[in-house]
Amino acid sequence: MIEVLSFDLDGTLVDTGGEIAAAVNDTLRDFALAPRAQAEIEALIGAGTRELMHRLLARVDPRQRLHEPAVLRRFEQHYAAHAGAAAQPYPGCVETLRQLRAADVRLACVTNKEQRHAQRVLDATALAPYFELLVGGDTLAWKKPDARVLRHVVAALGSRPAHAAHVGDSQTDLAAARNAGVADWAVPWGYNAGTPIAQAQPTRLFDSFAAIAAAVLAPSAVPVRRTAGLH
């Protein structure tokens, strides 16, 4: 029985690729740099917005002589303005969260995005009321895939790893779940650096939010869809 269910944010609950790309490219333009394709930017999502920008700057010609702290400060300003402005929950997300909360499943949002930005996205998309706990990349001393992140979530919500699952779209999410001893579940939409998440062999791969709700609320009635080669 799943008592605690945690979800990643970007690429799992909501599509935020467009607004993140907009903030990145606004920043690049401020420093007379060429904009980058949204697909390239989305491939860097997963470790938090500052880390995304840091990785992108590593690709800039060193002859540009950029002062990285200044670029990161400007990016922070742009992303604060964009966060939540264009984010959209994926189909079925809201209804599934509503069903799970009505059934007293304890829900958490666990992301490597900085907490202030994650909160803005949850508020803007009206998802915030469904979660008892939000853990951002700067909430604790660690972030995913460190085992202590999801162990903290499970303990804070009064359960044990054996009765918890984490749903994500990336290898980082799967590693976080496995490290913490909670069930590693995945969805095939999202980012994951442009690689199908099925290749990382999650224990369960769901093709819809409705299937996640069914697996939690009526597990005996739902066939287990496992990825080949594991478990």
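Cores and helix packing

Me: Which residues does L13 touch, leaving out those up to four places away in sequence?
Reply: L13 touches F7, D8, Q88, P89, Y90, C93, L97, C109, L127, F131 and F209, where contact means heavy atoms within 4.5 Å. This is a predicted model, in which local features need pLDDT of at least 70, side-chain atom pairs count only at pLDDT 80 or more, and totals for chains, interfaces and linings use all residues. Residues are numbered from 1 along each chain as its sequence is written, and side-chain values use heavy atoms, with hydrogens and water left out.

Me: How many residues has the largest nonpolar core?
Reply: That core has 52 residues, and L5, F7, L13, F131 and W185 have the most contacts inside it; a nonpolar core is a set of buried Ala, Val, Leu, Ile, Met, Phe, Trp, Tyr and Cys residues joined through side-chain atoms within 4.5 Å, buried meaning under 20% relative accessible area with a 1.4 Å probe, protein chains only. Its largest share, 5 residues, comes from helix α1 (residues 17-30), helices being DSSP runs of H or I with at least four residues and strands runs of E with at least two, numbered from the N terminus.

Me: Switching to α9, which of its residues are buried?
Reply: In helix α9 (residues 209-217), the buried residues are F209, I212, A213, A215 and V216. They lie on the same side of α9 because they cover an arc of only 160° around the axis, taken from the directions from the helix axis to the C-beta atoms.

Me: And what covers them?
Reply: The cover includes β1 (4-7), α5 (93-102), β6 (164-168), β7 (183-186) and β8 (204-205).

Me: Which residues of α3 and α4 meet?
Reply: T49, R50, M53, H54 and L57 in α3 meet E68, V71, L72, F75 and Y79 in α4.

Technical notes. Buried < 20%, exposed > 50% of the residue type's maximum accessible area, 1.4 Å probe, protein only.
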